[in-house]
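Hi,

Here is the structure I promised to pass on.

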Amino acid sequence: MSPDHPPGLDLDRLSALLERERPGLVNGPLSGRLIEGGRSNLTYALSDGTARWVVRRPPLGHVLATAHDMRREHRVISALHPTAVPVPRTELLCEDEEVLGAPFYVMEFVDGVPYRTADQLAPLGPERTRRAVLGLVDTLVDLHAVDPGEVGLADFGRPEGFLDRQLRRWGKQLDASRDRELAGIDELHAALGRRLPRSPAPAVVHGDYRLDNVLIGEDDDAIKAILDWEMSTLGDPLTDLGLLVMYSMPLAMPDSPVSTTAEAPGHPAPAELIERYAARSGRDVSAVSWYTAFAWFKLAVILEGIHYRYTLGQTVGRGFDRIGDLVPVFIEHGLTTLQEG
């Protein structure tokens, strides 16, 4: 298909649907393009020549609905839009698979830049980089300050026993990908289980909160939109903080297929991010090392799953041949973080 008619986006059917459900929204022939950089769900930019939108749908082919729940993403973004949390405005949810072959939703297009690597951040300079990353913390505090009940999300998850379920879930994920010895991974999993902290009051949790899942304004370096809500739920807000701290630690691995932005000049140190979150949220963050170690464990499991699929010939692309070498590094970071507290 042409770049303006990418796979998974039937523009004729989509145009007919929008004309029927949202008359007056579109004022011209539609064109679309796949936005690169998405993880599992597919994201397309849509335009009628004047206005722009974004379409979000599951991957092509057979997928588990529970892993690519468009209704869930649409629901949380719609609920958060009236709050201080920057999210796109939603336009339409379509669960009729006859239109695009899978459920999908349409939202407004937000101008902004997703910074994925330290090299991409570097041209901003130390001062602007620092401002952007601190804004990431402030926006996370705003998210966690939302009362789920007040925005219609009281039943969005099961906060009771959240950390225990998360630990068991990722342990099962690890077992599903086991085909080699991984020194320390069972030790890390067991140690996390023994030291399970007591969760604070539940909040809306993003689940994958990091710099490349937000859009940064080119003029003011402010957070314009938080994206990729597929892992969101009600749970322990400090899991978001732990993941953000993990991604703020240098990997010291040049040319790594998994990068952090930590080595960009001006990037705040993890300790400053933790202190800022604590001061602005009022939450006790004394157990943050557990949450950070859990983030290292979770990413080690995810990377091992990618490596496992690579060994089976089920992944194609650059960098997959080096993913397996990263897993022991993430395990070691997790163990060290937990031991040092």
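**What I found**

Start with helix H8, where Leu-238, Thr-239, Leu-241, Gly-242, Leu-243, Val-245 and Met-246 meet a set of residues in H10, namely Val-288, Tyr-291, Thr-292, Ala-295, Trp-296 and Leu-299. Sorted by class, this contact of H8 with H10 has ten nonpolar residues, three polar ones and no charged ones. H8 covers residues 238-246, and its axis comes within 8 Å of the H10 axis, the two crossing at roughly 70°. Angles from 65 to 115 degrees count as roughly perpendicular, so that is the label for H8 and H10. Their crossing is right-handed.

Before going further, a word on confidence: this is a predicted model. The chain has a mean pLDDT of 91, with 93% of its residues at 70 or more. The stretch to treat separately is residues 62-66, where the pLDDT is below 50. Beyond near neighbours in sequence, that stretch has two contacts in the model.

Now back to H10, which spans residues 288-311 and also packs against H6, residues 162-176. How far apart are the axes of H6 and H10, and at what angle do they pack? They are 9 Å apart, at an angle of about 25°. An angle under 35 degrees counts as roughly parallel, so H6 and H10 get that description. H6 passes H10 in a left-handed crossing.

On the H6 side, the residues involved are Leu-163, Gln-166, Leu-167, Trp-170, Gly-171, Gln-173, Leu-174 and Ala-176. They meet Trp-290, Tyr-291, Phe-294, Phe-297, Lys-298, Val-301, Ile-302 and Tyr-308 of H10. By class, the contact of H6 with H10 is made up of twelve nonpolar, three polar and one charged residues.

Is Ser-177 buried or exposed? Its relative accessibility is 9%, so Ser-177 counts as buried. Leaving aside neighbours within four places in sequence, Ser-177 is in contact with Glu-304, Gly-305 and Tyr-308.

Next, a spot elsewhere in the chain. Arg-128 sits in helix H5, residues 125-145, and at 27% relative accessibility it counts as partly exposed. What does Arg-128 touch, not counting residues up to four places away in sequence? The partners are Glu-218 and Asp-221. Arg-128 is also 8.7 Å from Asp-220, C-alpha to C-alpha, although 92 residues separate the two in sequence.

Asp-221 deserves a look of its own. Asp-221 is in the loop between strand E7 (214-216) and strand E8 (223-226), and at 2% relative accessibility it counts as buried. Its phi is near 60°, a positive value in a residue other than glycine.

Asp-228 also has a positive phi without being glycine, in this case near 55°. You will find Asp-228 in the loop between E8 and strand E9 (233-235). Its relative accessibility is 18%; the limit for buried is under 20%, so Asp-228 counts as buried.

Cheers

Note on methods: Residues numbered from 1 in each chain as written. Predicted model: local features only at pLDDT ≥ 70, side-chain atom pairs only at ≥ 80, totals over all residues. Heavy atoms only, no water. pLDDT = per-residue confidence, 0-100. Contact = heavy atoms within 4.5 Å. Axes fitted to C-alpha atoms, helices over the stretch in contact; angles between N-to-C directions. Helix = DSSP H or I, 4+ residues; strand = E, 2+ residues; numbered from the N terminus. Parallel < 35°, antiparallel > 145°, perpendicular 65-115°, else oblique. Left-handed = near helix turned anticlockwise from the far one by under 90°. Nonpolar A, V, L, I, M, F, W, Y, C, P; charged D, E, K, R; others polar. Buried < 20%, exposed > 50% of the residue type's maximum accessible area, 1.4 Å probe, protein only.
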